[in-house]
Amino acid sequence: MRPTPKRLVKAVFLVSVFGFVALNISFLLRNGDDEEDADDEYQLPLERAGVNYSHRLNHQKHKDDEKHSLNIISHTNNLQWQLVNASRNVTGKAPLMKVGNRTDVRSVIWEINRQQTILNLDKFDLSSSDSTVVIVVQVHNRPEYIRHLISSLQKAKDIEKTLVIFSHDYFSEELNEIIAAIDFCPVMQIFYPYSMQLHPHEFPGQDPRDCPRDANRERAQELNCHNKDYPDKYGHYREAKYSQTKHHWFWKIGHAFDHLDVTKNYNGPVLFIEEDHYLVEDFLPVLHMMYRLRKKACMDCNILTLGTYDKKPAYGSLSPKVDIMNWVSSKHNMGMSLTRETWNLMKNCTEAFCRFDDYNWDWSLHYIGMTCIPAKLRVMVMKSPRIFHIGECGLHAKGKNCSPAERVQYIETLLNSNHQYLFPPALVVNGYPNVPRRVPKANGGWGDIRDHQLCISFLDKESHS
């Protein structure tokens, strides 16, 4: 019988499917490789990023079945799913992540978090050194903003020496493609697994059986809604879209410090930024100089901040100067850098952070900085910003005419006219402004006991695996 083109195509397809299944079975069988131990507690173990994370496969079998393992049959039915872990990602190319329904997204997210793939390791040698920085970016779903952020990162000096971790609370093929196109530094993606996207009609999303925001206590009792006994201090009930940001922030910082193999022995600087930030090209050298100055001038500075909210930022003689003062959430939350030492102080105050009736992570951090953390929180902050906020349309924006491109153009014009003042040879202390120590007033939105319990649970390993 002569082979027809139709038969040839069918044969090729069947061979490809069976080959794909066999390859996946082989990969699953190979996930038992032993993990190497880190030799130096100060070493960033990036050389182990290419090692199978086999110890993560030893979790309870039902968790593996429900959360971690992508079913092989699903792979054969949807050849778009190609999740490649770090041990097999030798080319440094990003995996293709196209999924269908919400169950598929959950499976992919848990698998990505388990595999901890680092892209571009074939191009960049990220051994630990004095110039090593880990950058963690909190991402929601604003592609235009994150494109500008990535553009600013690409221009930054020494960016190839950093590991940039994007932490998502929304799974988007468009965002994945944008990040997969990054070729100037090592990149990792992690996904907050308790998002509204994955739980749109149940807690921690907006359950239709929850109380309406503005229902009074009497009406809530009549409705017998789930959280009728837990309004905030102003009598309002939770709104998931506001609660999510604080949850994501606390999960992300814990995940970055305590639950990634690549950072678990790393004690250097970690810089926390957001998708609607824009960085100045000398921010990394400046950050290193801040840490060197800290050793001389402010060993009690827990946080180093690159940004300010000055309406008219200035450079010139101010460019190499820093102020040292008490940390205030509304002034010092943009471009925050800290080390594991500060994270451990914060972690010890988890109960206070998670029970404080404020849906803002920064106000909650301010609260524990004033009431729980010994010696309070102190900050070293640049007088001339090395990071800007371009997100005029953020969580609280209503009816604003937002144009991130116009904002970026303004920033670039400002920086071009002050380029001679960037890359200072050294930093100096400008002053020690007296910031009154006041415990912040809670803004509410965080009275629901379920939010408290979920937030506290992020200390548990099971919330990250």
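How far apart are the axes of helix α5 and helix α6, and at what angle do the two helices pack? Their axes are 10 Å apart and the angle is about 10°. Before the rest of the tour, a word on the ground rules: this is a predicted model, where local features need pLDDT of at least 70, side-chain atom pairs count only at pLDDT 80 or more, and totals for chains, interfaces and linings use all residues. Residues are numbered from 1 along each chain as its sequence is written, and side-chain values use heavy atoms, with hydrogens and water left out.

**The overall picture**

- The protein has 14 helices and 12 strands; these are DSSP runs numbered from the N terminus, with helices being H or I of at least four residues and strands being E of at least two.
- Of its 465 residues, 55% count as buried, where buried means under 20% relative accessible area, exposed means over 50%, and partly exposed is in between (1.4 Å probe, protein chains only).
- A contact here means heavy atoms within 4.5 Å.
- Take the contacts between residues at least 6 apart in sequence: 81% of them join residues at least 24 apart.

**The nonpolar cores**

- In soluble globular proteins, nonpolar side chains tend to be buried together.
- A nonpolar core is a set of buried Ala, Val, Leu, Ile, Met, Phe, Trp, Tyr and Cys residues joined through side-chain atoms within 4.5 Å.
- The largest one has 48 residues, and F250, I253, M346, F353 and L365 touch the most other members.
- Helix α8 (residues 240–258) gives this core its largest share, seven residues.
- I253 is in contact with F272, L338, W343 and M346, if you skip its neighbours within four places in sequence.
- There is also a second, separate core of 41 residues, and I146, I182, I273 and C298 are among them.

**How helices pack**

- Two packed helices are described by the angle between their axes and the distance between the axes.
- The axes are lines fitted to C-alpha atoms, for helices over the stretch in contact, and angles run from 0 to 180 degrees between N-to-C directions.
- Helix α5 covers residues 143–155 and helix α6 covers residues 173–180; the pair is roughly parallel, given that angles under 35 degrees count as roughly parallel, over 145 as roughly antiparallel, 65 to 115 as roughly perpendicular and the rest as oblique.
- On the α5 side you'll find P143, I146, R147 and I150, which meet E174, L175, I178 and I179 of α6.
- That α5–α6 contact splits into six nonpolar, no polar and two charged residues; Ala, Val, Leu, Ile, Met, Phe, Trp, Tyr, Cys and Pro count as nonpolar, Asp, Glu, Lys and Arg as charged, and the others, Gly among them, as polar.
- Helix α8 and helix α10 (residues 340–347) cross at roughly 130°, with axes that come within 11 Å, which makes α8 oblique to α10.
- W249, F250, I253, G254, F257 and D258 of α8 make this contact with R340, W343, M346 and K347 of α10.
- Sorted by class, the α8–α10 contact has six nonpolar, one polar and three charged residues.

**A helix tucked inside**

- Helix α14 (residues 449–457) has seven of its nine residues buried, so it is largely enclosed by the rest of the structure.
- The buried ones are R450, D451, H452, L454, C455, I456 and S457.
- They pack against α8 and α11 (350–355).

- Most residues other than glycine have a negative phi, and most peptide bonds are trans.
- Q116 isn't a glycine, yet its phi is positive at about 55°; Q116 lies in the loop between α4 (102–115) and β1 (118–119) and is buried at a relative accessible area of 1%.
- K376 also has a positive phi, near 65°; K376 is in the loop between α12 (361–371) and β10 (378–382) and counts as partly exposed at 26% relative accessibility.
- F203 and P204 are joined by a cis peptide bond, with omega about 10°, and P204 lies in the loop between β4 (187–191) and α7 (217–223).

- S195 lies in the loop between β4 and α7 and is buried, with a relative accessible area of 1%.
- M336 sits in strand β9 (residues 336–338) and counts as buried at 2% relative accessibility.
- M336 and I303 are 33 residues apart in sequence, but 6.4 Å apart in space, C-alpha to C-alpha.
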